[in-house]
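Me: I'd like to learn how to read packing and side-chain contacts in a protein model. Could you walk me through it?

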Amino acid sequence: MKHIHFIVNPVSGSGTQPIHQKFLKRFFDEKHYVVVVKYSDYKKHAIGLTKSSIAEGADIIVACGGDGTINEVASCLVNTTIVLGIIPLGSGNGLASNLKIPIRIEHAIDLIKTASVKTIDVGCVNEHYFFSNTGIGIDAQVIRHYENSNERKLFSYLKSSFKALKSLKYKNKITVEINGEKIQTYPFLLFISNSNEMGYKISLTPMASLHDGLLDVLIVPKMTFLKVFYFGFLILLKKPHLIKEAKRYQSKSIRIHQADDTVYESQIDGEFYSIKSDTINITLLKKSLHVIY
C-alpha cells in the first residue's frame, strides 16, 4: 500500500479547487493507496501539516497550491527519502511550469501515478530553502505589494510592479562575494535562481537548471527610471540579457553583506521575507529533493 498525503491550500489561485477525499477516490484505488487530505488555514501551516504527515509514514506528500505552498511542503522533505508531488493551483506556478507539470488537476494527478521520481537541486538562503529563486531589490518589493493586494492574477502583479517602482529607494550598499570576486553595488535587483522561470512564463535566468549543481545569479545595479522601464520591456520580450548594466554569474555559493543595516527585505519563492542579519549566505544542495514529474 502506498500512502499519499495531499496538503491543500484552499485559497490558492481562484480558491475553487475540487481536491477532497471523494474527488481523489476516482483516481486512487483503495486496494493500492491510502489517501489523506489536509488543508492549510494560514501561512506556514503547511509546514506543520507536512511534518505530521512525515510522522504518519507518508510515502508521497503532494503540495496542492502555488509556489509558496510548494516551498513550505518541500522544505520539510529536503534530504529525506519522501517524495514530493505537485498539483499547481497558484497564480504563477513557476516551479511546476519549469518541471512541465500540467495545470489541469486531473492530468497532474495522472502524472503523480505514472511519472518517475527524479532528484533536483535545492537552494538555501541562511536557514531557508528555496526551489525556484530568491532575491533582494525590486522583486522583493513587488512581492510585498502583491501580497498586500486582494487579487492573484497577472494584472495584479503588474500593478504591484508599478507600485514598487514608484516607492523604490536605494538605501544600502551591499557587497556580493561570488567566485572569488567582490562586487559593491546599490542593487536594483540581486536575483539568485535555481530554475529558469519565475512564474507567468517570465524568466530572468533562462539558462538556469534544476539539475546542474549551480545557481544562476543576476546583479542589476541602480539605474535611471528610463533604464528601469527599458529593462521591464526587455523582460516582457524575454530578452533581459540585453541590458548592458547587468552582470551574470553561475556559482555554488554567494555571500552578501551590508554594513549599514541588519535586515534584508527579500523574496523566497515568491513569498516576502525580512531576513534579520547583516550577512546572507546562499548555497546549493545538489540533488537533495525527490520530485515526481
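Me: Which residues is isoleucine 87 in contact with, leaving aside its neighbours within four places in sequence?

Reply: Keep in mind that this is a predicted model. For isoleucine 87, the list is Phe6, Ile19, Val62, Ala63, Cys64, Gly65, Ile105, Ala108, Ile109 and Ile112, with neighbours within four places in sequence left out.

Me: Which residues have the most contacts inside the largest nonpolar core?

Reply: They are Phe6, Leu84 and Ile87, in a core of 47 residues. Strand E3 (residues 60-65) gives the most to this core, with 5 residues. There is also a second, separate core of 23 residues, and Ile143, Phe191, Met223 and Phe231 are among its members.

Me: Is cysteine 64 buried or exposed?

Reply: Buried means under 20% relative accessible area. Cysteine 64, at 0%, is buried, and cysteine 124 counts as buried at 12%.

Me: Where is glutamate 72, and what is it in contact with?

Reply: Glutamate 72 sits in helix H3 (residues 67-75), and it is buried, with a relative accessible area of 8%. Beyond its neighbours within four places in sequence, it is in contact with Lys43, Lys44, His45, Ala46 and Ile47. A polar atom of the glutamate 72 side chain lies 3.2 Å from the backbone nitrogen of alanine 46.

Notes: Residues numbered from 1 in each chain as written. Predicted model: local features only at pLDDT ≥ 70, side-chain atom pairs only at ≥ 80, totals over all residues. Heavy atoms only, no water. Core = buried A, V, L, I, M, F, W, Y, C linked by side-chain atoms within 4.5 Å. Buried < 20%, exposed > 50% of the residue type's maximum accessible area, 1.4 Å probe, protein only. Helix = DSSP H or I, 4+ residues; strand = E, 2+ residues; numbered from the N terminus. Contact = heavy atoms within 4.5 Å. Polar contact = N/O pair within 3.5 Å; in protein donor to acceptor, adjacent residues only side chain to side chain.
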